[in-house]
Each structure stands twice: as C-alpha cells, then as structure tokens.
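Grab a pencil and let's work through some charged side chains together. Each exercise comes with a solution that goes step by step.

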Amino acid sequence: MAMASSLRVPLLLLAALLLGLAMTPMALLSSRSSLHLMGNLEDGDPNDEEVQYVVDFALEEYNQGSQDPYLFRLSRVVRVRQQVAAGMNYYLDVEIGRTTCAKDQPTQDDCPFSEEPKQLCSFKVYFRAWEHYLVLTSSRCQKV
C-alpha cells in the first residue's frame, strides 16, 4: 500500500504534463488569429479609430504639400493594410475629391466637392502611437 501511494504523485505529475503538452497545439491554433507577426502585411479595418486618425493625418499632410489652392477631402477608404515594424506602417488606398473651399478660408467645415473627377491616392504612413509620432513616407495620386 505504501508503494502505491508513493507512485500517485509522480503519475499525477506525468498526467498533468501530458495534458499540458496535448493542449499546446490547440492553444497555438486558437491564438493564431490574433497574432500579429512582425513584417506581415495584413488587412486593416477602415472603421478602426487609429486607422481613421492615420487617414486624417495623411490627408492633412497631402493638403499641406499640395500646390492646389483648394482643399481635398476624403470621399472613401478603399483599402487599408498594416504592417508591424518598430511601430506600424499603414498602406492606405483612398479616394479623395477636390472641394470648393480654398485652403486659406477660415471655416473649412462641410466643404462640398467640386465637379472635378475624384483621385485615387496611395499613402504610406509610419506611426509610433506611444510617441505620437506620425510621418507620411510616400503619397501618389491619380485621377479616377
């Protein structure tokens, strides 16, 4: 009887170890969907608050760098892709339109689109949220 009780503890430990090993692949599979690997390009959610912030920033930078006397504003977000780096790279495909509001106009709320064709723009923004650091690293636009 003393021999049987002395074997219980090692057998229980062995059973716990085997159960833990058996569950490891399942745990990896279930967490894989939320795992963001460094360097992978993944689709982003255009409705995400951070994505909207980055889109607004890219458009503001575009307007500041544009020689056009009129503002451009967002018509729609076509696609968002993101890549984890030492921060986050956002690859944005957006449709923008020229408005009837001049850049130097004091009130620019609710600027209507002009009759000109929309433009499809690709912006790349690098963002380190914890430092509030944003930079528009590239932009390219063409008329649609």
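**Exercise 1.** Does arginine 98 count as buried or exposed, by its relative accessibility?

*Solution.* First, a word on what you're looking at: this is a predicted model, where local features need pLDDT of at least 70, side-chain atom pairs count only at pLDDT 80 or more, and totals for chains, interfaces and linings use all residues. Residues are numbered from 1 along each chain as its sequence is written, and side-chain values use heavy atoms, leaving out hydrogens and water. Next, the cut-offs: buried means under 20% relative accessible area, exposed over 50%, and partly exposed in between (1.4 Å probe, protein chains only). Arginine 98 has 15% relative accessibility, so it counts as buried.

**Exercise 2.** Which residues are linked with Arg98 in a network of salt bridges?

*Solution.* Start with the rule: a salt bridge is a side-chain nitrogen of Lys or Arg within 4 Å of a carboxyl oxygen of Asp or Glu. Now try aspartate 68: its side chain meets that of arginine 98 at 3.0 Å, N to O. Then try glutamate 116, where the closest N and O atoms are 2.5 Å from each other in a salt bridge with arginine 98. Put together, Asp68, Arg98 and Glu116 make up the network.

**Exercise 3.** How exposed is each partner in the salt bridge between glutamate 95 and arginine 76?

*Solution.* Check the bridge: the closest N and O atoms are 3.7 Å apart. Glutamate 95 is buried, at 14% relative accessible area. Arginine 76, at 44%, is partly exposed.
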